[in-house]
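Dear colleague,

Please find below the structure that I would like to hand over to you. My notes on what was found in it follow directly after.

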Amino acid sequence: MEKILVQRELCDGCLDCEHACNSIHNTSRIKILEYDSSYYPIICQQCEDAPCEKICPTEAMGSTKVDSDKCISCGLCSMVCPFGAINLVEKTAEKCDQCIDREEGPACIKACSKRAISKVDLEKLKADKQEKYVAKLSGKPTKPGKNSVISIITGRNKS
């Protein structure tokens with residue numbers, strides 16, 4: 001599963017991502033907040049067991065998308081979102097859908113000049129972190145080869 005990842009330490013607060021999202025959706029589904037000279041992105045995490053989806057009385061809310069024809073703008077989804085990533089705009093809920101309808105991919109990623117926003121494969125990210133951790137524990141700072149224990153366990157062959 002791919003998700004949008006924002007590396008907040010790279011974000012300079014330029015808001016280009018917000019402007020790009022707004023130009024596509026007529027509202028920004030990503031928000032950058034400044035706190036103590038650091039920038040923090042607020043974006044839907046597309047939870048697997050999404051509280052917004054569970055609470056929606058009309059089944060308009062999905063973990064990745066909102067059915068605007070069913071949405072009654074009650075705001076319950078916005079209240080239960082642990083990230084504050086759902087907005088009510090013109091009588092419908094809005095949240096990031098990772099621009100699934102756009103061939104070019106998410107507008108926020110294209111607009112970010114600092115490359116602070118990217119789309120990552122969570123399983124690959126997890127496997128990479130596991131490999132680095134095992135290498136650190138074993139005292140071998142290099143990446144494991146294609147016949148290493150970690151490659152055999154995960155079933156991944158490296159070329």
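With a relative accessible area of 32%, L125 counts as partly exposed, where buried means under 20% relative accessible area, exposed over 50% and partly exposed in between, using a 1.4 Å probe and protein chains only. L125 belongs to helix α5, and together with M1, L5 and L122 this residue makes a nonpolar surface patch of about 320 Å². Patches of this kind are made of residues with over 30% relative accessible area and no salt bridge, with nonpolar side chains (Val, Leu, Ile, Met, Phe, Trp, Tyr) joined within 5 Å and like charges joined within 9 Å.

**Basis of the model**

Please keep in mind that the model is predicted, that local features need pLDDT of at least 70 and side-chain atom pairs count only at pLDDT 80 or more, while totals for chains, interfaces and linings use all residues. Residues are numbered from 1 along each chain as its sequence is written, and side-chain values use heavy atoms, with hydrogens and water left out.

**Overall architecture**

The protein has 6 helices and 6 strands, which follow one another along the sequence as β-α-β-β-α-α-β-β-α-β-α-α; helices (H or I, at least four residues) and strands (E, at least two) are DSSP runs, numbered from the N terminus. Of the 159 residues, 35% count as buried, and the accessible surface comes to about 10,400 Å², of which carbon and sulfur atoms hold 51%. These areas come from the Shrake-Rupley method with a 1.4 Å probe, and for residues only the protein chains shown count as cover. Among the contacts (heavy atoms within 4.5 Å) with a separation of 6 or more, 53% are between residues 24 or more positions apart.

In soluble globular proteins, nonpolar side chains tend to be buried together. Here the largest nonpolar core has 27 residues, and those with the most contacts inside it are I4, I30, M61, I86, A93 and I117. At least two residues of this core are supplied by each of β1 (2-6), α1 (16-25) and α4 (107-111). A nonpolar core is a set of buried Ala, Val, Leu, Ile, Met, Phe, Trp, Tyr and Cys residues joined through side-chain atoms within 4.5 Å. Leaving aside residues up to four places away in sequence, I86 touches C52, M61, C77, S78, C81, A93, E94 and K95.

T27 sits in the loop between α1 and β2 (31-35) and is buried, at a relative accessible area of 12%.

**Salt bridges**

There are 9 salt bridges, each a side-chain nitrogen of Lys or Arg within 4 Å of a carboxyl oxygen of Asp or Glu. One of them pairs K65 with D97, the closest N and O atoms being 3.7 Å apart. This pair links distant parts of the chain, as K65 is in the loop between α2 (51-55) and α3 (76-80) and D97 in the loop between β5 (92-94) and α4, 32 residues apart. K65 is partly exposed at 32% relative accessibility, whereas D97 is buried at 7%.

K65 also forms a salt bridge with D101, where the closest N and O atoms are 3.0 Å apart. Since D101 likewise lies in the loop between β5 and α4, this pair ties together parts that are 36 residues apart in sequence. D101 counts as exposed, with a relative accessibility of 62%. K65, D97 and D101 are linked with R29 and E94 in a network of salt bridges.

In helix α5 (residues 122-138), E123 and K126 lie 3 residues apart, about one turn of the helix, and form a salt bridge whose closest N and O atoms are 3.8 Å apart. E123 is exposed at 51% relative accessibility, and K126 is partly exposed at 44%.

**Cysteines**

A disulfide is a covalent bond between the sulfur atoms of two cysteines. With a disulfide taken as a pair of cysteine sulfur atoms within 2.5 Å, the structure holds 0 disulfides. For C71, which is in no disulfide, the nearest cysteine sulfur is that of C77, 6.1 Å away; C71 counts as buried at 16% relative accessibility. C74 is in no disulfide either, and its nearest cysteine sulfur, that of C77, is 6.1 Å away, but C74 is partly exposed at 37%.

With kind regards
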